[in-house]
Amino acid sequence: MDFEMKWQKKRTKSIVGGVLALILLLIAFLGAHYFCQTHFLGNTKIENVDCSYLSIDEAVTKISKEKGENAISFIFSDGEEYVTHLRQFGISIDIYQIEQIFEKQHVNWREERDYNLISFISVDRGLVEQFLRQIPELKEENMVDPENAYLTWNDTEFSIKKECLGSKINFDEAMELAIKKLENQDEQIDFSTITKID
């Protein structure tokens, strides 16, 4: 009788242990399934940023942070250069494009997982303007008018006064150029391309 009770207890423990093991296995399976359905797959790169096993929100945050570290140079015809980082301009990531990637890779998990996007970053116009207004070369009082070459006479001989290219820049054009280049993630913005020459 004593032996039979011990055997029953042992059998009950084995059954309970087996059921618990199955429940834990099921929980682990469901957890893994849920994780896979809510996170990017391994080896996922978006714009060269590793987004493996991140949720959409985590991926957007990481991309914003890493892209925000990009150095940007503002170059002027007088040789002056001002360097800052993309984060200064309040960048926003187009979440819709990130969601599209997520859906795409969960439909076909065998496809290539290195994604390049077009126009997925936008900047805050107010912050761009605030930055540009601080630059001496973009202040009207510091701009030099362009001047064509001309002949001069000094009572004995003629000489040619060389042309002056000047440094006149239309601020609105500068704004549009800066925004376009920032959103394209260009590392250099050369304002000499919009310096006015009459």
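Helix α2 has 13 residues, and at 1.5 Å a residue it should span 18 Å; its end C-alpha atoms are 18 Å apart, so the two values agree. The expected span here is 1.5 Å times one less than the number of residues. Helices (H or I, at least four residues) and strands (E, at least two) are DSSP runs, numbered from the N terminus. A word on the source: this is a predicted model, in which local features need pLDDT of at least 70 and side-chain atom pairs count only at pLDDT 80 or more, while totals for chains, interfaces and linings use all residues. Residues are numbered from 1 along each chain as its sequence is written, and side-chain values use heavy atoms, with hydrogens and water left out.

Let us stay with α2 and ask which of its residues are buried. They are I56, A59, V60, I63, S64, K67 and G68, where buried means under 20% relative accessible area, exposed over 50%, and partly exposed in between (1.4 Å probe, protein chains only). These residues cover an arc of only 155° around the axis, so they sit on the same side of α2; the arc is that of the directions from the helix axis to the C-beta atoms. An α-helix has 3.6 residues a turn, so residues three or four places apart point the same way. T61 and K65, on the other side of α2, are exposed. And what covers the buried residues? The cover includes β1, β2, β4, β5, α3 (95-107) and β7 (121-122).

Two of those covering strands, β1 and β2, bring us to a sheet. Here 3 strands form an open sheet in the order β2-β1-β6, with mixed pairing. Its edge strands, β2 (49-50) and β6 (114-115), each pair on one side only. Two strands count as paired if DSSP finds at least two bridges between them. Strand β1 (residues 45-46) pairs with β2 in the antiparallel sense over 2 bridges, and K45 has D50 in β2 as its bridge partner.

Look next at T44, in the loop between α1 (2-38) and β1. T44 is buried, with a relative accessible area of 0%. Leaving aside neighbours within four places in sequence, T44 is in contact with V49, D50, C51, S52, Q105, R113 and Y115, contact meaning heavy atoms within 4.5 Å.

Now for the charged pairs. Side chains of opposite charge can pair when their charged atoms come close. A search of the whole structure finds 5 salt bridges, each being a side-chain nitrogen of Lys or Arg within 4 Å of a carboxyl oxygen of Asp or Glu. One of them joins R87 and E69, at 3.0 Å from N to O. This pair links distant parts of the chain, 18 residues apart: R87 is in the loop between β4 (81-85) and β5 (92-93), and E69 in the loop between α2 (56-68) and β3 (71-75). R87 is partly exposed at 45% relative accessible area, and E69 is partly exposed at 45% too.

Another salt bridge pairs R125 with E176, whose closest N and O atoms are 2.6 Å apart. R125 lies in helix α4 (residues 125-132) and E176 in helix α5 (residues 171-183), so the pair ties together parts that are 51 residues apart in sequence. R125 is partly exposed at 44%, as is E176 at 41%.

R133 and E129 form a salt bridge as well, with their closest N and O atoms 3.0 Å apart. R133 counts as partly exposed at 47% relative accessibility, and E129 is partly exposed at 31%.
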